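Please read each point with the structure open.

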Amino acid sequence: MRLPIPSTTVVRTLLVALTLAAATGHAEEYAQPLPELVPGITAITAENLAGMLDSKNAPTVIDARAAKGRSHGYIEGSIHLTDVDTNCASLAKLIRTQDTATVFYCSSSKCGRSLNALKIAQGCRYRNVYWFRGGFEEWQDKGYPYISANVPSR
Amino acid sequence: MIGLMGLLALILTLTTAKVFEHRTLDNHRTLLEQLLARKVEGIYQQLRIEVTDLALALQAENEFRAAFSNRVPTVITAALTKQFQRQFVSDGMIRLNRIGLYDRNLESLSQASEPLLKIEPDIACGTLAERANVRSGLERSKALYTLCAAHGRAYFALLAPIGGLRPIGYVQLETDPITAFARLESELGMPIQIIAPTGQPAFQSLDWPGGTTRDRAVFARHVEYATNYEPVLTVIAAYNVETLRQQLDRTLYLLLLSAAVITLFAIVAMRVTLTRSLVTPLERLVTHLQHANQDKQRLGEPIAVQGDYEVRQLATTFNVMTDELRSLYGTLQYMAFTDPLTRLPNRMQLQENLNYLLALYKDKGLSFALFMIDVDRFNHVDGIPNDAVSDALLQIVATRLHEALRSTDFLSHIPPSHVNVNVDNVARLGGDEFAALLPLVGNAEQAMRVATNALAAMRQPFETHGQRIKVEINIGIALFPLHGNDAAGLLRCADIAMYEAKRQGRGCVVFEATQEQYTVRQFDLELDLRQAMARGQLDLHYQPQVNMKSRKVVGVEALMRWHHHDQDMIPPDFFIPLAEQINMIRPLTLWALEQAIRDCARWRLVGRNLGVAVNIAPICLHDPGFVSTTLRLLEQWRVSPGMLTLEITERGHHGQLPNALPAIGELNKAGIRLSVDDFGIGYPSVAQLKQLPVHQLKIDRSFVIDMLRDPSDAGIVRATIDIARHRNLEVVAEGVELQTHWNALADYGVDIAQGYLIARPMSHADLVNWLDANTTGNTVWIPQSPTILASG
């Protein structure tokens with residue numbers, strides 16, 4: 001899989017926007033989808049993730065959503081860790097080594113939690129981190145199997 | 001016109017409103033369809049997620065797992081059927097109809113359907129499995145879903161992997177989508193209808209509009225298709241546009257009202273503008289025309305209007321035209337009331353003035369005088385008259401007359417009440433007749449004074465074209481109210497008075513009732529005389545003239561007789577002056593001349609050589625053609641000029657003789673004889689006799705008749721004879737009635753006698769008979785003591 005490499009000017013502009021967005025505080029959803037390309041961060045699609053899960057060395061998948069979001073359903077094998085709770089200590093419990101492949105996702109491309117958690121992980125020197133940008137929404141939309149946490153008698 | 005415009009505006013407004021409404025509703029429909037589509041999609045996705053959740057939940061069930069590992073179909077089917085009993089399969093949006101089970105190669109293991117629905121257990125949307133099977137790799141772990149239609153029903157089918165990313169089998173769930181889409185009703189907040197693949201409504205809101213209420217709704221449609229692009233479901237939403245419609249209607253009414261108001265305003269504005277620029281000035285012009293039509297004095301009054309350029313042009317042209325009309329009218333007036341030659345008022349104007357004066361003076365005790373003036377202009381001092389001279393003469397006569405009558409200096413006392421009356425008082429009635437109105441003259445005495453003054457003024461000769469001419473005027477005077485109180489009466493009286501003045505030769509005469517009968521008779525006779533010649537009522541009688549010594553009949557005198565049908569013969573004494581007045585004398589004279597010459601020729605044929613003497617008025621000798629005519633007649637009848645004697649008298653023709661001299665000279669040269677008639681009475685001077693080449697003098701009968709009684713008359717007779725002797729002239733005595741006359745005249749030496757003693761005037765035939773009876777040869781045998789042959 002070839003991963004896209006962003007151009008310098010575009011990335012710089014987007015970084016500014018992102019900083020501003022981050023400065024305004026946490027939000028489950030942003031007014032617009034997050035940028036596709038963020039420098040230093042590798043974004044993956046649902047297909048990428050499926051492939052990764054199917055391989056011998058399945059990555060650690062971290063669900064950065066809040067409990068409410070997770071209750072809608074989650075990717076099988078994903079670990080619930082909200083970005084708020086994400087820190088080097090909590091991460092150390094979940095990720096084996098610094099080089100272990102780790103995927104962060106949250107609800108959709110509009111959700112910023114996964115990106116947040118990923119950055120924290122990078123800060124904790126985890127090197128092999130991936131951002132499933134599309135989130136659960138993409139996974140579900142494309143028909144990939146997931147675990148439904150609630151029984152459908154709503 | 002206005003109505004048409006209003007109608008047009010109305011139609012336009014209505015059309016616009018309808019178009020607007022239509023577009024608005026269309027707009028609404030489009031928006032609604034977009035909304036519907038989004039909502040449907042939203043519910044669809046929700047359904048998918050819920051069914052997926054259900055599929056996953058089912059997988060987790062132990063019973064399900066057990067059934068799956070058990071490959072006995074009937075067992076699986078029973079187990080599947082049992083699932084339908086689960087509450088959660090028929091809650092919320094999901095109405096599970098079927099379950100199908102597949103192995104990892106998508107071979108069908110078993111299927112079951114909801115028992116209560118009574119539908120086939122076979123999977124309806126079989127295409128899903130087909131599609132799923134062609135996938136490879138990780139793709140096979142993805143779920144597939146679709147809508148499909150089968151047996152007239154709609155289904156939502158979801159094929160989900162069992163066992164996560166490495167599926168060990170598949171389960172297909174089919175559910176009724178209509179149950180899910182029914183949610184649209186509350187999601188949209190509008191009544192909806194869902195049409196099944198059969199075309200019939202599978203779901204319909206309770207408040208779905210039907211019948212007449214359909215008009216009040218806008219319908220938005222959305223069609224959901226299967227993967228093979230066949231329509232599966234149609235969702236229709238009804239949007240109540242009642243309020244919208246009401247709003248639109250309100251807007252429409254408002255528009256109409258505005259349009260009406262604006263149109264009205266426009267019409268009023270137009271009308272005002274038109275009125276000012278067109279209607280008002282036109283009305284003014286029309287009014288002006290009407291005024292001018294009613295009162296011709298107002299023609300030519302200019303009018304100024306404001307308004308359009310064309311209207312102003314019209315007004316200008318109008319002014320020009322009316323001005324011309326006025327001057328034309330004035331000219332007409334002038335011409336109608338003015339005599340063209342003398343520029344004096346004409347008869348019509350006189351009538352008007354007369355009427356005016358009558359109205360003015362009536363009942364006021366005031367009087368005025370009317371003059372009728374006749375102008376005789378035959379006294380040419382020298383020169384020969386012609387038309388140009390006559391016209392010029394008349395003009396200056398009129399001027400002098402006008403002046404003479406206008407000056408009222410000699411009226412010493414004028415009643416002050418008269419002073420302001422201003423009537424142009426001399427008019428020409430035609431020919432040689434004039435009339436004058438004298439408003440300041442109140443009685444006969446004043447009138448006579450004025451008239452006499454005028455006569456005096458007219459006595460001075462007139463000069464024109466190098467000729468000096470004298471005219472003689474006669475004035476007849478009538479007074480108001482003495483002689484009449486209406487125009488016709490006064491005119492008639494003045495006319496009669498004028499004739500009387502002419503007849504008597506007196507100059508001016510005031511009307512008296514006695515004059516009337518004469519003039520009446522005269523008027524009648526005038527007419528008759530004009531026709532007498534044509535009717536053959538005229539005749540020539542001949543009276544023999546006898547030589548006193550030889551008793552021979554030497555000639556005859558021709559005397560005109562008029563056999564008037566009503567009356568006896570009218571003597572020439574009467575009708576000759578009349579003829580002169582009515583200008584008949586020339587034709588009469590010529591007629592007499594011709595008759596006489598012809599009869600002379602006839603006598604010669606029967607052996608009588610008689611000369612004939614014809615009375616000629618000197619006026620006839622003024623005619624340039626008279627001499628030539630006479631000579632022609634003589635030649636025509638083969639009568640020797642010496643046989644013709646022309647008797648001329650100056651009695652009643654003062655001053656005409658001198659002008660006759662040239663003609664007389666010519667006649668004399670031709671051999672025609674001339675006789676001076678009425679000698680002693682008419683002839684003014686013996687000196688002038690010297691100039692006349694006469695052959696004969698005739699003593700007036702009055703002298704002859706009275707000479708026995710009156711010694712002075714006898715003396716005149718003797719003197720006449722002496723004169724005649726000295727001049728070698730023949731002397732003829734007329735009026736010899738008695739033998740004693742004869743004897744005395746014979747004593748005096750008169751040459752020729754004529755009178756009743758010898759014979760009365762006789763007609764041509766009678767003359768011949770008389771000659772035969774009383775003469776031998778030409779000699780008349782009169783007995784020595786002749787009896788009077790005819791009673792005097």
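1. A residue counts as buried when its relative accessible area is under 20%, as exposed when that area is over 50%, and as partly exposed in between. The model is predicted, and with that cut-off buried residues make up 45% of the 154 residues in chain A.

2. The fold of chain A comprises six helices and five strands, which follow one another along the sequence in the pattern α-β-α-β-α-β-α-β-α-β-α. Among its contacts between residues at least 6 apart in sequence, 72% join residues at least 24 apart.

3. Over all chains, a search of the whole structure finds 24 salt bridges. In helix H1 of chain B, Lys18(B) and Glu21(B) lie three residues apart, about one turn of the helix, and they form a salt bridge whose closest N and O atoms are 3.9 Å apart. Glu21(B) counts as buried because its relative accessibility is 10%.

4. A second pair within a helix is Arg449(B) with Glu445(B), whose closest N and O atoms are 3.7 Å apart in a salt bridge; both residues lie in helix H11 (residues 444–459) of chain B, four residues apart, about one turn of the helix. Arg449(B) is partly exposed at a relative accessible area of 33%, whereas Glu445(B), at 53% relative accessibility, counts as exposed.

5. Salt bridges that share partners join Glu47(A), Glu138(A), Lys142(A), Glu139(B) and Lys142(B) into one network. Within it, the side chains of Glu139(B) and Lys142(B) meet at 3.3 Å, N to O. Glu139(B) is partly exposed at 32% relative accessibility, while Lys142(B) is buried, with a relative accessible area of 10%.

6. Which residues of helix H22 (residues 739–748) of chain B are buried? They are Gln739(B), His741(B), Trp742(B), Ala744(B) and Leu745(B), and their cover includes strand E16 (538–547), helix H20 (701–706) and helix H21 (711–727) of chain B. Just after H22(B), Gly749(B) takes a positive phi of about 95 degrees.

7. Some backbone geometry deserves a check. The peptide bond from Phe480(B) to Pro481(B) is cis, with omega near 0 degrees, and Pro481(B) sits in the loop between strand E14 (467–480) and helix H12 (487–504) of chain B. His151(B), although not a glycine, has a positive phi of about 55 degrees; its place is the loop between strand E3 (144–150) and strand E4 (153–162) of chain B, and it counts as exposed at 67% relative accessibility. Asn728(B), likewise not a glycine, has a positive phi of about 60 degrees in the loop between H21 and E23 of chain B, and counts as exposed at 72% relative accessibility.

How values were computed. Residues numbered from 1 in each chain as written. Chains lettered and ligands numbered in written order. Predicted model: local features only at pLDDT ≥ 70, side-chain atom pairs only at ≥ 80, totals over all residues. Heavy atoms only, no water. Helix = DSSP H or I, 4+ residues; strand = E, 2+ residues; numbered from the N terminus. Buried < 20%, exposed > 50% of the residue type's maximum accessible area, 1.4 Å probe, protein only. Contact = heavy atoms within 4.5 Å. Salt bridge = Lys/Arg side-chain N within 4 Å of Asp/Glu carboxyl O.
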